[in-house]
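Subject: Structure handover

Hello,

Here is the structure I promised to pass on. Please open it first, then read my notes below.

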Amino acid sequence: MSATTVKSARVVRWRISLVLAVTLFVNYLDRNNLALALPRIARDFGWSDREVGAHGEWLLGAFFLSYALSNMLLSPLAERFGPKRSVIAAIAASSLFTILSAPLGQSLSALIVLRLLLGFGEGVHIPMLSAITSRWFEPHERSRANAIWGAGIILAVASAPLVIIPLIQAVGWRIAFAVLGTVGMLVSLPLVWLFVEDEPHQQHSARELVDDAPEANYKRDWRFWLITLGGALNAFCAFGMLNWLPTYFNRAKGIDFERLGYPLAIVFTAGIVGIALMAYLGDKLQRRALLASIGFAIAGVFVHIASSANVLWLLVLCFAIAVFFQSAYGAQEYALVQRLLPSNRVGAGTGLYNGLSILFGGVGGSLIPGSIVAVTGSFDAAIFSIVVGALLAAFVMLVLARALRY
């Protein structure tokens, strides 16, 4: 193969990671719009604090339940159907159900049904991105390759308050949902269609270059189940903060809804810096699980400090530090999973991992904090559950670090 061909292939594959980042950026705006709109939905429906906890846990948890099941049930089929075509189908479905929230989201029951459909429609998105990455990139590059499209998630989380909250203020939350869904149709679909391929055209793709590839029975590898437990705890912490932080800032810390944008944007922007640095360190040091363990421990400490802060700048700083260090896991997550999967089962295996992580962690991150608020009326008690989750995750990843041999 000529030097020019090799250089061209390198450009193409990093460009693919960037395109996948755009699709996740738009996808996460669709996914997280409800968490940001929840204070306005609660006001429109006249909910009390306890009702916000009781109804909000089901609104937020419905998505993660169907999303988890979709990951596990549909990912093996999607991998056979083709990663690219499956990503296109997932984008179309998630965009459509987001748009339908405008005319149909007139009641709590209708919103729950739409969230269930949204989760089911986009469930195979990330497993197929993992499959594409494993086919285009060698193992020593995968933290960075995964982190590029993973940065789309963090960028969406960081910018969503600055985009969605003013949009809701201007046109209302229903029309805002329709606008966001339309962006997916007009931006993400053409990009994937034009610039993404399932794997390199050459005979030897990155997945064929690994001499010590895992055997097909990865479900018998206890390390796979250990990282799945770590993923569930990470999802609990990540989605617990993502889903409840806007309402926590508004209800517990007294920050007006229209002033939520910049504090939340600063908090989640720290994750962009974190995932870039931690991905570089993960590929360089090849100590991915250990980095994740340290990150979880520090994140848990700073979330605890933040819960007792009453000054806005200190509150924002502590949560920003927590998000920065928790991103250590996000930067290593799929590189660790891909390492434990056979080359022809990366999509299905990632779907199983992602589905179980979301089923227990994502649903738990929605229901457990919401249930705590519903029972106690205390948002601070709900946030403390995230501290516990982060410290447990730190222990699990430390055990995994000892089990893996780099």
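In which loop is Gly-123 found? Gly-123 is in the loop between helix H5 (108–122) and helix H6 (125–136). Helices here are DSSP runs of H or I with at least four residues, strands are runs of E with at least two, and both are numbered from the N terminus.

Before the rest, some ground rules. This is a predicted model, where local features need pLDDT of at least 70, side-chain atom pairs count only at pLDDT 80 or more, and totals for chains, interfaces and linings use all residues. Residues are numbered from 1 along each chain as its sequence is written, and side-chain values use heavy atoms, with hydrogens and water left out.

**Overall fold**

The chain has 14 helices and zero strands. Its radius of gyration, taken over C-alpha atoms, is 20 Å. That agrees with a compact globule of 406 residues, which would have a value near 22 Å. The globule rule is 2.2 Å times the number of residues to the power 0.38. Along the principal axes, the C-alpha atoms fill a box of roughly 65 × 45 × 35 Å.

Buried residues make up 57% of the 406. Buried means under 20% relative accessible area, exposed means over 50%, and partly exposed lies in between (1.4 Å probe, protein chains only). Contact means heavy atoms within 4.5 Å. Of the contacts with a separation of 6 or more, 87% join residues 24 or more positions apart.

The chain exposes about 15,900 Å², and carbon and sulfur atoms supply 67% of that. These areas come from the Shrake-Rupley method with a 1.4 Å probe. There are 30 positive and 22 negative side chains, and the centres of the two sets lie 3 Å apart. Lys and Arg count as positive, Asp and Glu as negative; His and the chain ends are not counted. Each charge is placed at NZ of Lys, CZ of Arg, CG of Asp or CD of Glu.

**Confidence**

The mean pLDDT (the predictor's confidence in each residue, from 0 to 100) is 86. A value of 70 or more is reached by 93% of residues. Residues 1–7 stay under 50, with three contacts beyond four places in sequence. Residues 203–212 are also below 50, and this stretch has 18 contacts beyond near neighbours in sequence. Where pLDDT is low, the predicted coordinates should not be read in detail.

**Residues to look at**

Back to Gly-123. Gly-123 counts as buried because its relative accessibility is 0%. Leaving out residues up to four places away in sequence, Gly-123 touches Tyr-67, Ser-70 and Asn-71. Pro-139 is 16 residues from Gly-123 in sequence, and their C-alpha atoms are 25 Å apart.

Next, Pro-39. This residue is in helix H1 (residues 3–45). Pro-39 is buried, at 9% relative accessible area. Beyond four places in sequence, Pro-39 contacts Thr-247, Asn-250 and Phe-257. Phe-257 is 218 residues from Pro-39 in sequence, yet 7.4 Å away in space, C-alpha to C-alpha.

Arg-40 is also found in helix H1. Arg-40 is buried, with 14% relative accessibility. Its contacts beyond four places in sequence are Ile-168, Gln-169, Trp-173, Phe-257 and Glu-258.

Last, Gln-286. Gln-286 is in the loop between helix H10 (261–285) and helix H11 (288–307). Its phi is near 55°, a positive value in a residue other than glycine. Most residues other than glycine have a negative phi. Gln-286 is partly exposed, at 22% relative accessibility.

Best wishes
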